Amino acid sequence: MAVNRDIKYINKDFNEFRSQLLNFAQTYFPATYTDFTPSSPGVMFMEMASYVGDVLSFYLDNQIQENFLQYARQSNNLYELAYMFGYKPKTTGLATADIDFYQLVPAKTIGSNVGPDYDYALYINSNTQISSKSSNNKFIIEDPVDFTTSGSLDPTTVSVAQVAGGSPTYYLLKKTRKATSGTINTVSFSFGPPVEFATVNINGANIAGIIDIVDSDGNTWYEVDHLAQELVFDGIKNTNINDPNNYQDSDDTPYILQTKQVQRRFTTRFINPTTLQLQFGSGNPNDNDENVIPNPSNVGLGLPFEKNKLTTAYSPTNFIFTNTYGIAPSNTTLTIRYLAGGGVTSNVNANDLTLLNTSTIKFLKNNLNSTTAQYIFNSVASNNENAASGGRGGDTIEEIRQNTISNFSTQLRNVTADDYLVRALSMSPRYGVVAKAYTEKPKADSANTTLDLYILSYNSTGNLTTASNALKNNLKTYINQYRMIGDTLSIKDAFIINIACDFEIITLPNYNSNEVILRGISALQNYFNINKWQINQPIIIRNIISTLDNIEGVQTVNKISITNKTGTTSGYSQYAYDIAGATQNGIIYPSLDPSIFEIKYLNTDIKGRVVTI
């Protein structure tokens, strides 16, 4: 007859197991074994069992711990957990620098005017490499440099370079691009018959990401966040020569933003800090089951033998349960270019990025004078006025943990008004820059929208202006990919209120009045810098007074006067504003309609004078 044994299930370490085994033997087998000295064979077997229990208990606890993001310590587990929550860990930090590109162009006479001959303007391809003259660091530019175009977001600075007989003979063109550290590496993979969800691994240190993938047939493969994503953003140049059907007359939108459906797509993930894995789709290139319009016949409700699907949980990304998720590469070779580099050593000094790779530079015009063209080509130069910054190592264990927790809460969805605000400001500059944005609920109860988004852009001189229709259309296309299905947005123009500021100060004895005034004007120019102002931000007179009080030589501020400047013929906004009526307790409030205060001409609309006590 079996005897009920008192078994303990809470023992966790060696000593607890050993003590419980000794107690168990003494309790239930008192006459079977009596030698419990430390050197006895029985104690040896019990200690060996305790040893095994301790090890198993350790691994059990460790495995449980590694399943939780807050407690996991092994990097490979953290990478897996990060991807599960939608965060892609970074294995390197790339340095960035603003690089100026220069070239000469000959002068050209048109009628009675002399100007640059843009037939000799050069085109520098994207991913062009610039090397440091003092180290092995290399930088590349993401966006191409086209000296033939100029706009508010991509201005071309023109200056006279050479003069002969009182007339310019050559002009100097200058453009600026942001460059990132790293070198472009290439690797190829060959594929035979299609394999579902085929994967390849790229091994190397400091891999920053994929630049592009092209197969042997010349097809481009697109990187997506997940294989169910079939739409990607695609931009076409906003010029009537490039595409008359999509051209929109505006200088604040270099590219028109469109969405493009792609079958050739892939995702990437880091398995560990030195291995980047690429995964492709599962579909056969000969099958075309992605482009399916949902209707009763293919979803299942209209088929008599599919009545069991009446309660099926359908996904809008894969509503007929296809196995495609993009096509798989087959009988082809993929050439993959990826960027590697970064780190602390990539933070190069100023005036160091001067070695320009000219193999990617070309003229857009043909039939040019060969001698002049060669002279112009040899004039191309680059330089970084400021030191590069941002280079660092990859994510640490704790950074992966914290970044994953932060990323999971956002999920790229627009839920709150601030979500839409940040999304509008994060659109790529190549599709137009939203300089200022403001969101609020519609003021009228009868409005057909759930949210009003007010925006402004910059003109060629860096002043605020209303956004063009092209920019608004790009913003509409961009936000629509993240918009909640029940949200309706109305993109509107915010109002610009141009102002001027006059001040009177009393200076301390023995100070030069002109120098103090100049310092005061400079301080207010910095205070009213439009980059520091937002829509619906009030003007606090006390802050202006404090700014002037902190200037060396100022004894006291006697008077501050803010006036409205209006009139399109003078270059100002068309909207007049009652400054006096909007002032309460030393604060000038903006209008109820979203508006922003701007001193348009900082050099002339800020004036000061010294008065006596």
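**Exercise 1. Which strands form a hairpin with four residues between them, and which residue in the turn has a positive phi?**

Solution. The model used throughout is predicted.
Step 1. The hairpin consists of strand 12 and strand 13, and four residues separate them.
Step 2. In the turn, Gly218 has a positive phi of about 85°.
Step 3. Strand 12 covers residues 207–215 and strand 13 covers residues 220–223; the two run antiparallel and are joined by two bridges. Within this pairing, Val214 stands opposite Thr220 of strand 13.
Step 4. Strand 13 is also joined by two bridges to strand 16 (residues 265–272), and here the strands run parallel. Tyr222 has Arg265 of strand 16 as its bridge partner.

**Exercise 2. Assign the residues of strand 11 to a covered and an uncovered face, and find the strand joined to strand 11 by five bridges.**

Solution. 
Step 1. Strand 11 spans residues 199–203, and its covered face carries Val200 and Ile202.
Step 2. Thr199, Asn201 and Asn203 belong to the uncovered face.
Step 3. Five bridges link strand 11 to strand 17 (residues 275–280), in an antiparallel arrangement.
Step 4. Asn201, from the uncovered face, stands opposite Gln277 in strand 17.

**Exercise 3. Give the strand order of the open sheet that has three strands, and state which strands stand at its edges.**

Solution. 
Step 1. The order is 28-31-30, and the pairing is antiparallel.
Step 2. Strand 28 (539–540) and strand 30 (583–584) each have a single partner strand, so these two stand at the edges and one side of each lacks a neighbour in the sheet.
Step 3. Strand 28 is joined to strand 31 (residues 587–588) by two bridges. Ile540 faces Ile587 of strand 31 in this pairing.

**Exercise 4. Describe the largest nonpolar core by its residues and by the elements that contribute to it.**

Solution. 
Step 1. The core has 39 residues, and those with the most contacts inside it are Ile499, Phe503, Phe528, Ile539, Ile560 and Ile562.
Step 2. Elements that give two or more residues include strand 24 (451–458), helix 9 (513–527), helix 10 (541–549) and strand 29 (554–564). Strand 27 provides the largest share, six residues.
Step 3. Beyond residues up to four places away in sequence, Phe528 touches Ile499, Cys501, Trp533, Ile544, Ile599, Leu602 and Ile606.
Step 4. Another core, of 28 residues, lies apart from this one; among its members are Leu69, Phe266, Leu276 and Ile327.

**Exercise 5. Is Leu471 buried or exposed, and how far is Leu471 from Gly432 in sequence and in space?**

Solution. 
Step 1. Leu471 is part of helix 8 (residues 469–480).
Step 2. Its relative accessible area is 0%, and the cut-off for buried is under 20%, so Leu471 counts as buried.
Step 3. Leu471 and Gly432 are separated by 39 residues in sequence, while their C-alpha atoms are 5.6 Å apart.
Step 4. For the chain, 72% of contacts between residues at least 6 apart in sequence join residues at least 24 apart. Buried residues account for 38% of its 613 residues.

Definitions and conventions
Residues are numbered from 1 along each chain as its sequence is written. This is a predicted model: local features need pLDDT of at least 70, side-chain atom pairs count only at pLDDT 80 or more; totals for chains, interfaces and linings use all residues. Side-chain values use heavy atoms; hydrogens and water are left out. Two strands pair if DSSP finds at least two bridges between them. Buried means under 20% relative accessible area, exposed over 50%, partly exposed in between (1.4 Å probe, protein chains only). A nonpolar core is a set of buried Ala, Val, Leu, Ile, Met, Phe, Trp, Tyr and Cys residues joined through side-chain atoms within 4.5 Å. Contact means heavy atoms within 4.5 Å.
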